[in-house]
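Welcome! Take a moment to turn the model around on your screen, and then let us walk through it together.

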Amino acid sequence: MFSRILIANRGEIALRIIRAARELGIQTVCVYSEADADGPWLEHADRTVCIGSGPASDSYLRIDRIISAAEIANVDAIHPGYGFLAENAHFAEVCRDCHIEFIGPSPEAMGLLGDKISCKKMAKASKTPVFPGSDGAIEEIDDAVEQAQKIGYPVIVKASAGGGGRGMRIANNEVALRSGIAAAKQEAQAAFGNGAVYIEKFLENARHVEIQVLGDKHGNAIHLYNRDCTSQRRHQKLVEEGPAPDVDAKVRDAVARSAAELIRKAEYSGAATVEFLMDAKQNFYMLEVNTRVQVEHPVTEMITGVDIVKEMIKVAAGEPLSIRQRDVQMNGHAIECRINAEDPERNFMPQAGLVEVFIQPGGPGVRVDTHMRGGYRIPPNYDSMIGKLIVHAPTRAQAIAKMRGALDEFRIAPIKTTIPLHRRIMDSKPFIDADFDIHYIERLLKQGALIGSPAAPSKASDARSHRR
Ligand code: ADP
């Protein structure tokens, strides 16, 4: 096992990794930026190293400085967390060259699954369900037009190297497809240095369901069932839960097994998430594979009892997975709300500055993953997520009730947060009925149903007008 690891991240995930390392008897070294000099998580690290100024491009994204810190502190391994360098295959390669273990997949496995075209090919070979579409990169526009006629409009043009929603175009007809391909190619070339694009069927009104998987360096791969992340705004997840409600157990297990098979074929070690869209008939279509620990991993930890971050560290050190597929049990239901320092009343404007009051909820089945406390000053440089509230209860209805209570207990002032928004989501009919699709939050926001003073229920409720 490692004796010392470096954490190339900040905030709640840095603290989460410190906790896992400590339980394993591993020392931690945290790198931090000048803007994070007062970060409460740093107090729990065995050693801290400042690597630059506030902007991530001058600190958390500086591979040279992180590697220098790792060498000076003499660490065995680096945990990248999520965001920043977590899915950067070049960083994983530099770590390997410097004989520092990257706590995550090999650069090869990351490259294979991170590239959407090669990932889709591999998924097909693993019987992981994918969208109908072109088999590889589009060479001739006429071929793509022919393909689109076969699968039927609307189609979506996507960049093989895509991320963050860039390089995507939806086309409803041939004219839009021809111009969409040209535009997506250009955008992808500029953003990723790789202009390869492909097309696939565009699915409207779907749910987002994803599978948590784990692999080791001995050829083992398992799944930890699924999560539903349909509650999104601008493709950003707001609420996640597991297991995904109302998915037929046979379908659920078959998709989960195929996701494990996909990462086994890719010789993947560490934690990954295979993301899907699911239509009203419970057909699954793979979106992409995230080759890192996800923000929403606690949902799965609560329902399976598996410590995902500890497993990541152990498999990076060469240990086999500590659980076999048949030992994975699912218990009850978990829901996570992402607490963002944003003002929902003012178009979700990010909030920085002093947090005077921070009182977190508690009680059985309530977990708060956060680096926050009263007196902390939120720097303006980073993501607005300041914590995650996770609840666990025997049933989904009980989990919703518990989440309502926990949200009511949570006190953060004077910074505005998404807590009141979550409280309204927990009372909304589409969420309660799990009768929703990835656009429902935006629809409710447009109707004014989630912000401001509580409105009378609208006559044509979202659930009825958009029944799946
Ligand atoms: P990125 O890597 O840029 O985030 P994804 O492949 O994850 O790209 O897609 C981002 C979002 O775009 C998805 O969450 C989904 O909402 C939408 N999307 C992508 N592909 C499709 C599709 N075939 N049909 C419908 N929506 C899609």
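What follows is a tour from the domains to the cores and then to a few loops.

A word on the ground rules: this is a predicted model, in which local features need pLDDT of at least 70 and side-chain atom pairs count only at pLDDT 80 or more, while totals for chains, interfaces and linings use all residues. Residues are numbered from 1 along each chain as its sequence is written, and side-chain values use heavy atoms, with hydrogens and water left out.

Let us begin with the overall division. The protein chain falls into domain 1 (4–103), domain 2 (129–201) and domain 3 (207–467), with bounds that come from an automatic or database domain assignment. Taken over C-alpha atoms, the centres of domain 1 and domain 2 are separated by 37 Å.

Now look inside. A nonpolar core here is a set of buried Ala, Val, Leu, Ile, Met, Phe, Trp, Tyr and Cys residues joined through side-chain atoms within 4.5 Å; buried means under 20% relative accessible area, exposed over 50%, and partly exposed in between, with a 1.4 Å probe and protein chains only. The largest such core has 77 residues, and Ile 425 and Met 426 have the most contacts inside it. Its largest share, seven residues, comes from helix H1 (residues 11–23). Because domain 1 (4–103) and domain 3 (207–467) both give residues to this core, it lies between them. Helices (H or I, at least four residues) and strands (E, at least two) are DSSP runs, numbered from the N terminus.

Which residues does Ile 425 touch, not counting those up to four places away in sequence? They are Leu 238, Val 239, Phe 431, Tyr 440, Ile 441 and Leu 450, where contact means heavy atoms within 4.5 Å. A second, separate core of 27 residues includes Val 213, Val 247, Ala 266 and Phe 284.

Next come the loops. Gly 242 and Pro 243 are joined by a cis peptide bond, with omega about -5°; Pro 243 sits in the loop between strand E11 (236–242) and helix H8 (249–265). Another cis peptide bond, also with omega about -5°, links Ala 413 to Pro 414, and Pro 414 is in the loop between strand E22 (411–413) and helix H12 (419–427).

Finally, meet two phenylalanines. Phe 84, in the loop between strand E4 (77–79) and helix H3 (89–97), has a positive phi near 40°. Phe 348 has a positive phi near 60° and lies in the loop between strand E15 (342–343) and strand E16 (349–350). Are they buried or exposed? Phe 84 counts as partly exposed because its relative accessibility is 29%, whereas Phe 348, at 8%, counts as buried.
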